[in-house]
Structures are given as structure tokens and as C-alpha cells.
2 protein chains.
Amino acid sequence: MIRISFDELTGTLCRILERSGFENERAKACARLFAETTLDGVHSHGVNRFPRFLEMIQNGTIDIHGRPELVRKFAAIEQWDGRSGPGNLNASACMARAIHLSQEFGIGCVALANTNHWMRGGTYGWQAAEAGAIGICWTNTMPNLPAWGTAIPNLGNNPLVVAVPRPGGHIVLDMAMSQFSFGALASYRERGLLLPVDGGFDITGSLTRDPAAIETSQRPLPIGYWKGSGLAIVLDMMAAMISGGLATHQILQDPLRETSLSQVFICLSPSKIQSEDASTRISDEIIGFILQSPSSGEPIRYPGQKVVETRTENLAHGIPVRKSLWNELSSLLQGAV
Amino acid sequence: MIRISFDELTGTLCRILERSGFENERAKACARLFAETTLDGVHSHGVNRFPRFLEMIQNGTIDIHGRPELVRKFAAIEQWDGRSGPGNLNASACMARAIHLSQEFGIGCVALANTNHWMRGGTYGWQAAEAGAIGICWTNTMPNLPAWGTAIPNLGNNPLVVAVPRPGGHIVLDMAMSQFSFGALASYRERGLLLPVDGGFDITGSLTRDPAAIETSQRPLPIGYWKGSGLAIVLDMMAAMISGGLATHQILQDPLRETSLSQVFICLSPSKIQSEDASTRISDEIIGFILQSPSSGEPIRYPGQKVVETRTENLAHGIPVRKSLWNELSSLLQGAV
């Protein structure tokens, strides 16, 4: 690992995107989203994912010129078409629009069809919270999780993000419907570790903590068993229904060609009906009460806490990036323009 | 068990409520909600809960004359005060109001403070779906779940309901943030059964399927471990913040005096931006695709499916009610008026 400053990382990614044909402003915004995700310690959807992002531009899955367009609108709810544009730029634009609707109506919803992977879902939660809004958003994905009672992937792991603004540090939950992502399974396997809790079924149908066994069976475990399966179903159904886009079962099960995703962005503006002082007191007291509880032995954690710690450390000391990856990215800038 | 018709059950509960001082229309509505919950097979929050409901009226926790009042409003978001009224009547009124807002604005939110236990959360999901709306609602509860990393109950199990309308049978998810409720733990223990999966920690801090060990430790497991803990935190925070009501840590930890709960009801009206034919096709195809998948051995289930089956059977053959409970309820009507 080497440590790269946020500005250097953003600048490098930006120049690569410009070389790929992005207009300057969009290259900057897209690079910043990748760099912020890495800054916050979510490497799987930050710079580690950047080479795949470039590959999906080259294979035509992502249209770098695709911008979201309004399809239909009714007061506080809107339907947008992502036109196969970069997933993080599309999602960021739609969350901005949902924030705007919540300021106008107290609550607003933007549903986005025909978009690409949004990278880190939490990004749009932080975006809402920074604007003083409660943000609730989710995406469907290609099939990668069997519904409860079934033996093949027919649901997405459909990450759900819930963000609550708090002056002392926003509370941002960013969770997939599978207990562990395939990225997390690979990471445990490569380190020769068992999962801390059961993460799926092996090929005999027994629960297991062995990451390789789950990669083989393709049967990761939904959070809460049948409960997470049910939640994944309704998230997919709502996303397709409100956006008018595709449901998980219609999405190509190929990590390099996963596209035409459906997403929902809901924002609420609590300041329209509640003083900011009261909101702050409520969130601070809830967190304070939990942190004062007797520990079970493990560190007490709440959503968003670790991100703030990691961000602070990485801003001070630079962002850890794999040396081989950094060399790979740098080499992209050394060829002919 | 004896089987009682829906009309007889509703009539009996209605007469008991009238004797308790309920006005006729409110007695009818409250009795119908308890009877429908029992009809749907959710005994724990149906007629089995009715004696406790009466006890909480007698001890002053529930004010039978309390009706929700609008506190603040901003376009599509409203804050209501439940005035300690019966939880099911309050919740039903607020979901009706959220449905109305969704028809006016495409999406609407009603937050309710100072209310009582809503009984079966799914009730309000079915209510939204029957009206053609997507319904998302949740409640906080008294502390009954330790946050991840802590050893005492400091979170509620905060049930979350998501309902999607579907002509062939609404999709209604109704799930608590604990893997098993204390009611479910007691039921397994009484039948001498282990839980089907780990349901909590024993007093040594080990995961266990022994229901009695979890009742002793008071440490049930959140769904998805740290994930459900995080979701319970944000649900409580949003409920208190939007409603202006109490958070879980402020709610009395006494099943007979649990009150001043905070709830959120969000409705979306997909028909404002999507044809009903398209919505129906989307939901039918998702369910169809799952049901056609190879089975893992267990029955394939989706949210709401079992309710429809149970409802159909109970309408045809009567609703199973414990004989001793039915005698107890009937005796309440035989004393002096």
C-alpha cells in the first residue's frame, strides 16, 4: 500500500476520465465520487473498482455521455431515465433532485431507470445528510442472491441506504441484503479466514462460514434469513415499479455487463416540521445512550461512525492505495494522448 | 382451539369495547382491526393480545378517547399527536392520511408521536396496498434489543412494513429488527423446540438456538447481526425526529405501560407516474420468476403469501381461537352492564 493525497487521487482519476472522453466537469465530478469513496475506506467501490469502470466504458455498457432525463412528474414524485450514463453521476444527480423536492414538498421521490452501478450507495446518503435531508435510497442489481426457499440467484443484493443528518457526524447506514458481498467473501478467502458468522450455504445446503464454499454454491445468505429475502423482493419490486425500469430478473448476470438498473431516491426535510435544535438533540441522545451501554466485548458501533474515523485518518495521512493499482492507473496517463 | 366466524369475533370484541366506554364507531373499527389480524393468522397481535389491550385501558396507558391531532404540516409531510389513543386506531388514521397525501403529491409522509402499540404492523401495509398505494411504515418500541456491541436492551425491535399493491395478492413485508420476537421465543420454548436458526446470545455471549437461554440473557439477535442493529437505530432516529416524539431509550421498559411511541407512515402512489397494467406486470413477473426457481428443499415464500392463504382458509372454516380465551372474552359480556 502507498498513501496518496485526496487531491492527487482525484486529479489522477479525473485526467484518466478526460482521456476516456468525459467532458471536464463530468470527469471532475465522477473522479471526486470515486476518490471520496476511497477516502472513506470503501475500497471495493472506490479506486479498486475504477479499472472495471473503465472496462465497462470500453465495452459499451456505460455511455459516458448519457445524462438522466425527466420522463414523468407528479408533484413530489419524478421518474427519470438514466440513459445508460455513469452510475455515480446519475445517482448523484437524482439524489440532488430528491433533496430539492423535499425542500419544496417536505418529502420527495426520484426513481431512476436504465442506469449503471452506483458504486458506493452510502455516497448518496452522505449527500442527502450534508444537505440537511434524511435520505433513503436503494438500487436493484443483477441476480446474485437466492430468494428464501430457492437454490439459484434470482434476487439482487439490493443495497439500502438510510441517512440521517447530525451535526456531530451524520448517521449513514449502507447495507446490502446479503450478509456478505461476493467481494467480502473473496477478501476473507484470500486472507485464509473464516467469516465471523454464517455467510451462506455450501453445496449440500448447510450453513457455513467458509467463504470459498459459498462462492462455489453461489448461495450467500440474506440478512435475517427469510426476512432479508423478503426485503430484497420488495426493494426490487418498488424500484422497477416506480422507475418503470427493469427488475433484477431482467438484468444480465454478468459483472462486466450488468446495466439497466433501477433505483429510488427518497428525501425528507425534517427542518420543515421540526426545529434543527430538537433534531440534533434527538440524534445525539440516541447515539449517546447506546455508547454508554455496557459493552458485549466487541466495540460498540453505529452507522457512519467508522467512515468518519477513516476519513479523518486518510485526510491526515493520505489514502491507502495498492501500489500495483496506482502504477496501473499512472501508466494510463503515460501513453500517447 | 375452536373456530369462530369473522363476524362473530368482530361483534364480540366490539361489544366488549363498547362496554369499556368506546364510542360505537370506534369500537367497531378497533374490533375489526383485531379480528382481521386474527383472521390473517397473526394471533400474537390479534385476539391473543386483546386482554392485554383491555388491561392497558384500565391502567390508564391507553386513552380510549384519544384521537390523533395535526400538529404541523408542510405540503406532503405532516406531524400528528396520537394523544395516547388506541394504537391501532391512531395508526390506521395516519396511514389513511398518508394515502391521501400520496394521491395529492405522489408521495406523502405522516409522522405520529405519543401513540400506543399499533398491534400488527402489516395491517397498515395491507391498508395502503388496498388503496393502490405503496406503503412504508415503521414504529419504535420500548427497549428490547441490544445494539451491536452492547449487552443490554437499548434499541427497539422497531418493526418495518413495506407493502406493494398487486391485483393477484398484495406483497406485504412485516418484519421486526430482531430475528425472533420474545413472543416467538416463548412459543418455541413452550413447545420444547430449538429455534430453526440462531436467535440470540446466551449469558456467556455465545450464539444460541435455545429460546430459554435468550429469554434469560435478554439478548435477542438483530437480523443480519450488526446490520439489523444499524437499521433499528436509524428507524428509531427517523421516527423520533420526524414525529417530534420519544425515542426508544425514553420509552418505559414495561410491557403493560409501554406508551408514547413514535411512528412514520410513507405512501407512494405509483399510478401517478406509471400505468397500473405496467405495475401489475412488474410485480407478477418478479413473483413468477422466484416461484419458478429450483427449490432449496424448503417451500418458496414471498411476503404476504402466507397471509392470503391463512385468510382464505379462516374465512371458509372460521378463525381458530383458544377455547379458554374465547370463554374469557364471552364472560366479559355476561356480567352486569
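Two residues are in contact if their C-beta atoms, placed from the backbone, lie within 7 Å. The structure on display is a predicted model, in which local features need pLDDT of at least 70 and side-chain atom pairs count only at pLDDT 80 or more, while totals for chains, interfaces and linings use all residues. Residues are numbered from 1 along each chain as its sequence is written, and chains are lettered from A and ligands numbered from 1 in the order in which they are written.

**Stop 1: the two chains**

Colour chain A and chain B separately. Here 71 residues of chain A are in contact with 71 residues of chain B. Helices (H or I, at least four residues) and strands (E, at least two) are DSSP runs, numbered from the N terminus. Select helix H8 (226-243) of chain A: H8(A) gives the most to the side that touches chain B, with 13 residues. Among the other elements that each supply at least two residues to this side are strand S2 (69-74) and helix H9 (276-291) of chain A. By class, the side of chain A that touches chain B has 44 nonpolar, 20 polar and seven charged residues. In this count Ala, Val, Leu, Ile, Met, Phe, Trp, Tyr, Cys and Pro are nonpolar, Asp, Glu, Lys and Arg are charged, and the others, Gly among them, are polar.

Through which surface do the copies meet? The copies meet through the same surface, because 100% of the interface residues of chain A are also interface residues in chain B.

**Stop 2: the axis**

**Stop 3: the domains of chain A**

Colour domain 1 (1-58 + 304-337) and domain 2 (70-271) of chain A; such bounds come from an automatic or database domain assignment. Their C-alpha centres lie 22 Å apart. Between them, 15 residues of domain 1 are in contact with 14 residues of domain 2. On the domain 1 side, helix H2 (24-39), helix H3 (50-58) and helix H10 (305-317) of chain A give two or more residues each, and H2(A) has the largest share, six residues.

**Stop 4: a helix of chain B**

Select helix H1 (residues 6-19) of chain B, which has 14 residues and reaches 20 Å from its first C-alpha to its last. That is close to the 20 Å expected, where the expected span is 1.5 Å times one less than the number of residues. A residue is buried if 20 or more other C-beta atoms lie within 10 Å of its own, exposed if 12 or fewer, and partly exposed in between. Buried residues of H1(B) include Leu9(B), Leu13(B) and Ile16(B). The buried residues of H1(B) pack against elements of chain B, including strand S1 (2-4) and helix H11 (323-332). After H1(B) comes Gly21(B), with a positive phi near 110°.

**Stop 5: two loop residues**

Select Met119(A), in the loop between strand S4 (107-115) and helix H5 (122-130) of chain A. Its phi is near 60°, a positive value in a residue other than glycine. Is Met119(A) buried or exposed? Met119(A) counts as buried because it has 23 C-beta neighbours inside 10 Å.

Finish at Ser260(B), in the loop between helix H8 (226-243) and strand S10 (261-268) of chain B. Ser260(B) has a positive phi near 55°, and with 18 C-beta neighbours inside 10 Å it counts as partly exposed.
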